[in-house]
Structure formats: C-alpha cells, structure tokens
Amino acid sequence: LVFGARLWTIQVYGVQEPYADSFTEPWDYVRANHHHWRGLFENTFSPNNEHIIFFTRWLNIALLLINGGKWDPLATECLNALLAGLFAVAMLSLFASSYEPLVQTMIGALVVGTFAPPFAFENILWDFQSQHYLFLLASILSIGLIIPARTRFDWWAGVLLAAAGCLTLGSGVFTPCCILL
C-alpha cells in the first residue's frame, strides 16, 4: 500500500525537472557519462551539508547508467517509493511478527497510515531523497538484527548495516549509539 500510494502521487504530480539541491547531481552524471570515475569517487565522500550520502550518489549513478546515460528524476522517485515500501515491510516483519494478529493489524494500519499518505509530498516528488529511505532501512534492519542476534551472522549483518547507515545521513551515527545503550 505504501509503494502504491507513493507511485500514485508520482504519477499524478511528478515532473521531469530538477528540484532544489538536485542541481548538484548533474556534475556526477557528467563524470559518469564521460567515465571520470576517479573524480566521481572523490565526490562521493564530499559532504552534502552535514551528510555523507555515499549510497544515494551511487544509487543515482547506477540508475543513470541503467537508463543509458539519461537522468530521469521520475525513475529515481519510483525507486524511492520502492524503498519506502520496503521500509514499511521491514517494520512489519521485524516488529509486528511477534504479536497476536489483532495487534499486527493495528501496527500495520499505523505504518501504512504514516507512510502511505502524501503528507510531505515534496519528499515523494523530489528525486534526491533516497538517503532518507536508505537511512531508515539500514537503521531498522540493524536494530532488528542486532538486538535479538540469534546467530553470529545476524550480529555482523546488523553491525554492517549500522555502519552503512552512517553513509546515508548525518544522523546515521545515532543508530549504533542507540544499540549500544
């Protein structure tokens, strides 16, 4: 439902023009189209305000290359909708599965009611937002893997996801801190 609602918002209101700080991305796209990988890699770790958005930059470059060198904000917005839907599924599977069916339904309604409606429609229609969804996914999955840690693999996967969260948003460092507490 979250994925579908966001796709509907993109279909009705989405446009092909860049928005706000999306104007810094074309330099990455020019480097990728001309195979200037060193400059692109160096730019990957440059801060965007207080954020090191490593995965967002490379996800957008991958979409550019898959799309034949053409920058398509609508494709990125659709990928962001998929990431938001995956986050909702991760929330439900990690935290609602241990409750009885009525409570699971209530948690599901809360998650869908929070993430499906276009409350902050600008974030849905802004192609340069995957760092938020990647942060949420990395955080929730790392907490869901480390806290119960049934196996050593679960623990290490959770640690790697917590570290990856640090390369999504500046607040990514708080997930490992919360886990340690």
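These legends describe close-up views of a predicted model.

Local features are given where pLDDT is at least 70 and side-chain atom pairs where it is 80 or more, while totals for chains, interfaces and linings use all residues. Residues are numbered from 1 along each chain as its sequence is written, and side-chain values use heavy atoms, leaving out hydrogens and water.

**View 1. Helix α8 and its cover.** Helices here are DSSP runs of H or I with at least four residues, numbered from the N terminus. Helix α8 covers residues 130-146. Its 17 residues should span 24 Å at 1.5 Å a residue, and the end C-alpha atoms are 24 Å apart, so the two agree; the expected span is 1.5 Å times one less than the number of residues. Of these 17 residues, 12 are buried (buried means under 20% relative accessible area, exposed over 50% and partly exposed in between, with a 1.4 Å probe and protein chains only). Among the buried ones are S130, Y133, L134, L137 and I146. The cover over them includes α1, α4 (54-66), α5, α7, α9 and α10 (174-180).

**View 2. The largest nonpolar core.** A nonpolar core is a set of buried Ala, Val, Leu, Ile, Met, Phe, Trp, Tyr and Cys residues joined through side-chain atoms within 4.5 Å. This core has 13 residues, of which V2, L83, F87, F115 and L137 touch the most other members. Helices α5 (73-96), α6 (101-115) and α8 each give two or more residues, and α5 gives the largest share, 5 residues. Not counting residues up to four places away in sequence, L83 touches L59, S130, Y133, L134 and L137 (contact means heavy atoms within 4.5 Å). A second, separate core of 5 residues includes Y29, L40, I61 and L64.

View 3. Q129 lies between α7 (121-124) and α8. Q129 is buried because its relative accessible area is 5%. Beyond its neighbours within four places in sequence, Q129 is in contact with N80 and N123.

**View 4. D154 in helix α9.** Helix α9 (residues 152-165) contains D154. D154 is buried and has no salt bridge; R150, the nearest side chain of opposite charge, is 4.6 Å away. A salt bridge needs a side-chain nitrogen of Lys or Arg within 4 Å of a carboxyl oxygen of Asp or Glu.

**View 5. V12 in helix α1.** V12 belongs to α1 (residues 2-13). V12 counts as partly exposed because its relative accessible area is 43%.

Methods:
Lys and Arg count as positive and Asp and Glu as negative; His and the chain ends are not counted.
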